[in-house]
Amino acid sequence: MVFIRPYQESDFEACAHICRATLPPSLSTTPITAKLAPYIWTHQYTLLSPATCHMLATALAAPTSSPSRERYPSYIASVLSTAVAPPPPLPPPSSSTQEQEEPFWIPDDTTLTPSGTAPLQAKKPNPAALIRLAYDPRKLLQLTDSSNSNAPKSLSSQGWRATMHIDLLPAYQRRGWGRRLIDAYVRSVRASGEDYGRGAWIGIAPDNAGVVQFYEKVGFRLVTPSTPSAVEGEGTGGGGEDGIHMVIDIAQA
Ligand SMILES: CC(C)(COP(=O)(O)OP(=O)(O)OC[C@H]1O[C@@H](n2cnc3c(N)ncnc32)[C@H](O)[C@@H]1OP(=O)(O)O)[C@@H](O)C(=O)NCCC(=O)NCCS
């Protein structure tokens with residue numbers, strides 16, 4: 001029988017497996033990004049916000065709410081640093097902070113044309129940037145705004161303070177479980193006692209744009225991307241500076 005149940009600590013490895021098994025091509029085709037993925041899109045939520053994580057029978061689905069900045073260091077200490085070495089320190093600030101960091105997208109050499117050059121659109125996430133993202137909750141959870149006061153505020157600053165991620169193994173997709181899991185997630189966020197503000201935001205990798213229709217059907221809507229500086233390392237659901245951003249309003253309990 002298939003059913004939704006709360007996340008348990010013993011689901012840790014299953015969550016990692018299912019996160020990796022459902023990655024979009026930009027992340028699944030490189031071993032290092034596939035290894036890193038659950039440390040960016042799964043484990044911090046199940047560790048820091050288990051009450052809003054759910055499993056679908058033996059298959060993972062882990063809609064999760066945003067762990068707070070205050071609790072994030074415990075994720076780094078107990079999970080992330082045991083599997084992924086921290087990034088090197090950044091050089092001291094200069095005139096442009098953004099230029100000092102690794103670019104989020106790098107050319108994908110595996111798609112070289114016969115002439116030996118990468119097609120213009122061929123790019124993949126940069127493992128160094130992913131590691132920095134995993135170690136930086138300000139970016140991962142979009143807690144910071146651009147220093148440019150004309151730029152739009154991050155979605156978190158605009159009030160959608162929760163975030164989530166959902167993955168279903170292919171055998172469980174398109175059978176209504178995604179909708180039920182989002183419903184369970186929304187209910188658990190309302191019951192969490194956390195300050196989730198207006199609701200939840202998500203980021204979607206550009207090569208996974210097909211899922212926008214799913215999110216629209218279950219209550220999300222597309223929004224203008226938040227500030228480039230806040231999303232240069234992308235958001236929880238994926239995306240980078242080209243990522244797609246959506247929000248769902250969650251009424252106060
Ligand atoms: C995206 C995902 C969570 C959707 O869950 P699901 O169980 O397959 O979706 P449901 O069966 O609950 O579908 C709900 C509605 O969305 C629609 N839908 C689901 N996936 C869709 C898609 N890829 N494109 C268009 N519509 C979609 C369904 O047809 C259904 O519509 P209806 O209510 O009119 O019948 C699941 O397919 C999945 O885990 N995919 C791989 C990982 C992934 O991409 N995760 C999201 C990362 S941002």
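Reader: So a charge sits over a ring if NZ of Lys or CZ of Arg is within 6 Å of the ring centre and within 35 degrees of the ring normal. Which residue has its charged end over the ring of Trp 177?
Author: Arg 180. Its charged end is 4.4 Å from the ring centre of Trp 177.

Reader: And what lies over the face of Trp 160?
Author: Arg 198, at 3.9 Å from the ring centre.

Reader: What kind of model is this?
Author: This is a predicted model: local features need pLDDT of at least 70, side-chain atom pairs count only at pLDDT 80 or more, and totals for chains, interfaces and linings use all residues. Residues are numbered from 1 along each chain as its sequence is written, and side-chain values use heavy atoms, with hydrogens and water left out.

Reader: New topic. How many residues are in the largest nonpolar core?
Author: 31. A nonpolar core is a set of buried Ala, Val, Leu, Ile, Met, Phe, Trp, Tyr and Cys residues joined through side-chain atoms within 4.5 Å. Buried means under 20% relative accessible area, exposed over 50%, partly exposed in between (1.4 Å probe, protein chains only). Ile 40, Tyr 75, Leu 80 and Leu 130 have the most contacts inside this core.

Reader: Which elements give it two or more residues?
Author: Helix 1 (12-21), helix 3 (31-41), helix 4 (43-48), helix 5 (72-83) and helix 7 (127-134). Helix 3 gives the largest share, 6 residues. Helices (H or I, at least four residues) and strands (E, at least two) are DSSP runs, numbered from the N terminus.

Reader: What is Leu 130 in contact with, beyond four places in sequence?
Author: Leu 27, Thr 33, Leu 36, Ile 40, Trp 41, Phe 104 and Pro 125. Contact means heavy atoms within 4.5 Å.

Reader: How many aromatic pairs are there?
Author: 4 in the whole structure. Rings of Phe, Tyr and Trp (its six-membered ring) pair if their centres lie within 6.5 Å; planes under 30 degrees apart count as stacked, over 60 as edge-to-face and the rest as tilted. One of the pairs is Tyr 72 with Tyr 75, edge-to-face at 5.4 Å centre to centre and 65° between the planes.

Reader: Where do Tyr 72 and Tyr 75 sit?
Author: In helix 5. They are 3 residues apart, so about one helical turn separates them. Tyr 75 is buried, at 0% relative accessible area.

Reader: Why is the pair of Tyr 215 and Phe 220 edge-to-face?
Author: Because their planes are at 70°, with the ring centres 5.1 Å apart. Phe 220 is buried, at 4% relative accessibility. Ring pairs also link Phe 214 into a cluster with Tyr 215 and Phe 220.
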